[in-house]
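Open your viewer and get ready to click along. We will go from stop to stop, with something to select at each one.

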Amino acid sequence: MIEADYSAHKSMMFAIREAMALYLFDKNREKDIAKVAENFLSLDDYQGDRVPLGAVVQEVDALCNVLQDNYLGLHLNRLVDIESLPFYKAISECIRPFSSTDNELPFLLISRLVLRFFFLITQSIDLKLIAEKGLLRFEFVSNAPEIMNKHQIDGVLVIVYRIVEAFYPNMLKTVYIAHRHTSYELEYYESIFGVPAQAAEKTTLVYDLRCKNHYKHAADLLIKSEEELDRPFFINPLSNMLSTQFAGSSYTQRCEIVIDTMMGVSPPTRSHVANAMNISVSTLQRRLDEEGTSFQEVLEDTRKRLAKLYLTEKKLSTTDVAYLLGYKSHSQFFKVFKIWFGITPRAYQSAL
């Protein structure tokens, strides 16, 4: 997350309002549109493109009270025009270089773009991406559990699902739901997502990587370098949104997000990262120096954090972890890891 004061993008609120009108027409309740609209906040009261999360929750709660639909979050966000969202448009621009090729778009690109930049839509939920053999999981963690309700969690769940599905369809395997537990409720989720739904401690979307050409390992589908794809990895549209919406964020934070996103697909070099941030290499180095760090320090810190995360999950082999971190060989990763922590990756993983 970029800021402690969580917020959401106004475009998402406008999209929900439009979806609400469609919802009422579908229910033959169009006469209630004016009544519902009375609960809309005046977005002009908030400068810029973002609205504090507390205000968003206030509007959602009001809609829930008026519409009295136990699955309102699911229903409204199924009707949202995701193609109108700036976030969706930015992702579309990011993957445009691949649209004219026969290369299969690596799932890692889409999953990481959604993972690392979803806060541009809303900071209500923190996403966690877990890769393992044959599977990939999106976990949803509320950033404001004391004020958020099940409708908002459902809404984010549907939006993430629809964005991923738009670019990489028919890979969802299972939905795990933490905030509903009855068999009737779970059956309803199955009808919405078209896959089995189960009660669990964490709300999760589970994708089956093996359903595409019988991939044996997560890395086979997750990792394709720019050379293999014959196209550069392009995240500038999302980087532009980040710098515009969160102008006060540090260059260290922005640099880390870019590195984390491109790791394993595009070489995380100074020039690649600076280009993705739409600045020169010299400007990047100067900005990081002003913040008391360097590109190499940010790169190493990011790799350390991700290495510990991947190894702690124990879902991937150490070789897969090496490639996910952008190393060209597992031996190179083993050597660096031992310098960092004094033991090999295998020994670290075994000790957990």
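Here is a short tour of a predicted model, from the whole protein down to single residues.

**Stop 1: the whole protein**

Begin with a cartoon view of everything. The secondary structure comes to 18 helices and 7 strands. Buried residues make up 54% of the 352 residues in the protein. Now think about contacts between residues at least 6 apart in sequence: 71% of these join residues at least 24 apart.

**Stop 2: helix α4**

Next, select α4, residues 72-79. How many of the residues of α4 are buried? The count is 6 of 8, so this helix is mostly covered. The buried residues in α4 are Leu72, Gly73, Leu74, His75, Leu76 and Asn77. To see what covers them, show α1 (10-26), α3, α7 (150-167) and α8, which are among the covering parts.

**Stop 3**

Two rings can be described with two values, the distance of their centres and the angle of their planes. Keep both in mind as you select Tyr71 and Tyr189. Their rings form an edge-to-face pair, 6.5 Å centre to centre, with 75 degrees between the planes. Tyr71 lies in the loop between α3 (53-67) and α4, while Tyr189 belongs to helix α8 (residues 183-193), so this pair ties together parts that are 118 residues apart in sequence.

Are these two tyrosines buried or exposed? Tyr71 has 7% relative accessibility and counts as buried, because the cut-off is under 20%. Tyr189, at 0%, counts as buried too.

Tyr189 and Phe193 are 4 residues apart in helix α8, about one helical turn. In general, an α-helix has 3.6 residues a turn, so residues three or four places apart point the same way. Like Tyr189, Phe193 is buried.

**Stop 4**

Now select helix α15 (residues 295-313) and helix α17 (residues 330-341). They pack at an angle of about 100 degrees, with their axes 12 Å apart. Angles of 65 to 115 degrees count as roughly perpendicular, so that is how α15 and α17 are described. Show the side chains where they meet: from α15 come Glu300, Arg303, Lys304, Ala307, Lys308 and Leu311, and from α17 come Phe333, Phe337, Trp340 and Phe341. Sorted by class, this contact has 6 nonpolar and 4 charged residues, and no polar ones.

**Stop 3**

Then bring back Arg303: its charged end sits over the ring of Tyr327, 4.2 Å from the ring's centre. For another arginine placed over a ring, visit Arg254, which lies over the face of Tyr251 at 4.7 Å from the ring centre.

**Stop 4: Thr318**

Finish with Thr318, which is found in helix α16 (residues 318-324). Its relative accessible area is 5%, so Thr318 is buried. What does Thr318 touch, leaving out residues up to four places away in sequence? Its partners are Leu311, Phe333, Phe334, Pro345, Arg346 and Gln349.

Technical notes. Residues numbered from 1 in each chain as written. Predicted model: local features only at pLDDT ≥ 70, side-chain atom pairs only at ≥ 80, totals over all residues. Heavy atoms only, no water. Axes fitted to C-alpha atoms, helices over the stretch in contact; angles between N-to-C directions. Helix = DSSP H or I, 4+ residues; strand = E, 2+ residues; numbered from the N terminus. Parallel < 35°, antiparallel > 145°, perpendicular 65-115°, else oblique. Contact = heavy atoms within 4.5 Å. Nonpolar A, V, L, I, M, F, W, Y, C, P; charged D, E, K, R; others polar. Phe/Tyr/Trp six-rings, centres within 6.5 Å; stacked < 30°, edge-to-face > 60°. Buried < 20%, exposed > 50% of the residue type's maximum accessible area, 1.4 Å probe, protein only. Lys NZ or Arg CZ within 6 Å of the ring centre and 35° of its normal.
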